[in-house]
Structures are given as C-alpha cells and as structure tokens.
Amino acid sequence: MENLSIQDAPPPGTHQGPGGPSQAPAQLPPQMFTTAAQLLDLTDKKLMIALRDGRKLIGVLRSWDQFANLVLQSTIERFFASSPDSTPGAPRGYYADVTHGIFLVRGENVLLLGEIDLDKDDEAPPGYERGELEFVKKLAEEKKAADRAKEKARLKKLATLGFEGEGLGDMVL
C-alpha cells in the first residue's frame, strides 16, 4: 500500500495555477479513508463479524451507511464452546450455526470484521468440530456461568482488600 497524504506534491507534468492549465483536484485512494467508506471494498463479500456482546455473524455484506450500520445477507450466527474433555487428540471445542437470513447490525456494535477466504470457507475452524446446536449452547452457557462466578469471587476479594470498582460497593454491604 502506498503512503499518500494530502500534502504530497502533484504528479510531475501537471501544473495548477493561474497561468497554467487547470486540473481537477487529485482524488485520494480508497486506502486513505478511515471512515465507513472503507466498507466499499468489502461490499458483496462474505464477512465474519464479531459483535461487542460476543456473538459471531457470518454473511454477505450487501449495504452500509455513514454510521457503519451493516446489512448482511445469508447470515448465520456461529456459536463456539470449549470441549469438556481435554484428552490428547480430542477437539479443542465445538461450533454450531444458526441461520438468520437478512440481518441488520448497528455499526456501534461491531467489534471486528474481516473477509472470509472462500477457499477455506467449507472447512471447520482449526481445532473445532461441528456439534449439535443444543449441546454447543449448553457448553457455552456452562462456561459463561463459571466465568461469572469466578469474576464475582475475584471482585469480592478485591473489595476486601480495599479496591472499589463498578458495583463493588453493593457487594460489601
């Protein structure tokens, strides 16, 4: 990618000024945009989007606006869960997909997005194998509950040491 800026000199052979031929202002390349306009290159491509609430969506980007609100077509939501047994040779985890169809995502909820390599699209994510939806959801919920309990214990211990954070005052009383 070229490093260009607005301050760069015009290409040789062009003269802009009162005495010379006038030329339309040079256009910036698409790489220079740091706004929702960068989505132009991703339109009509298959993307994976990680949302702020932890969900993962896979779909074809059909439309977007200046706020980076996205319209995805043929959208699936992918759930990931860690494997309960840690025997060597067993998969690291399982995944399952739920079909949603057309999906509208508010731009402020997008944490990360990236284009999917269509050559590897049919393969399972490395270290994961496809599982039944209910099984994967159950594993994911169990992990979330364990993480919440661990975080609650950590915050309680911090509160006894005198650290106060969001919601810690309620735990002490």
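Which residues make up the largest nonpolar core? Keep in mind that this is a predicted model.

## The main core

There are twelve residues in the largest nonpolar core: Ala-36, Leu-39, Leu-42, Leu-47, Ile-49, Leu-51, Leu-57, Leu-61, Leu-70, Leu-72, Phe-103 and Val-105. Strand 1 supplies the largest share, three residues.

Take Leu-51, one of the core residues. Leaving aside residues up to four places away in sequence, Leu-51 touches Leu-57, Val-105, Asn-109, Val-110 and Leu-111.

## A second core

There's also a separate core of six residues, and Ala-81, Tyr-94, Ala-96 and Ala-140 are among them.

## The largest pocket

Now for the open spaces. The largest pocket has a volume of about 470 Å³. It is lined by 17 residues, with Gly-54, Phe-79, Phe-80, Ala-140 and Lys-144 closest to its centre. Ala-140 also turns up in the second core.

Strand 3 and helix 1 (133-160) are the elements that give two or more residues to this lining, and helix 1 gives the most, with seven. Sorted by class, the lining has ten charged, five nonpolar and two polar residues.

## The second largest pocket

The second largest pocket comes in at about 370 Å³. Of its 18 lining residues, Arg-78, Ile-116, Lys-120, Asp-121 and Glu-123 lie nearest the centre.

Strand 1, strand 3 and strand 4 each supply at least two lining residues here, and strand 3 gives the most, with three. This lining divides into nine charged, eight nonpolar and one polar.

Terms used:
Residues numbered from 1 in each chain as written. Predicted model: local features only at pLDDT ≥ 70, side-chain atom pairs only at ≥ 80, totals over all residues. Heavy atoms only, no water. Core = buried A, V, L, I, M, F, W, Y, C linked by side-chain atoms within 4.5 Å. Buried < 20%, exposed > 50% of the residue type's maximum accessible area, 1.4 Å probe, protein only. Helix = DSSP H or I, 4+ residues; strand = E, 2+ residues; numbered from the N terminus. Contact = heavy atoms within 4.5 Å. 1 Å grid on protein atoms, 1.4 Å probe; cavity = no way out; pocket = protein on both sides within 12 Å on 5 of 7 lines; lining within 4 Å. Points joined across faces, edges and corners; volume = space filled by probe spheres on them. Nonpolar A, V, L, I, M, F, W, Y, C, P; charged D, E, K, R; others polar.
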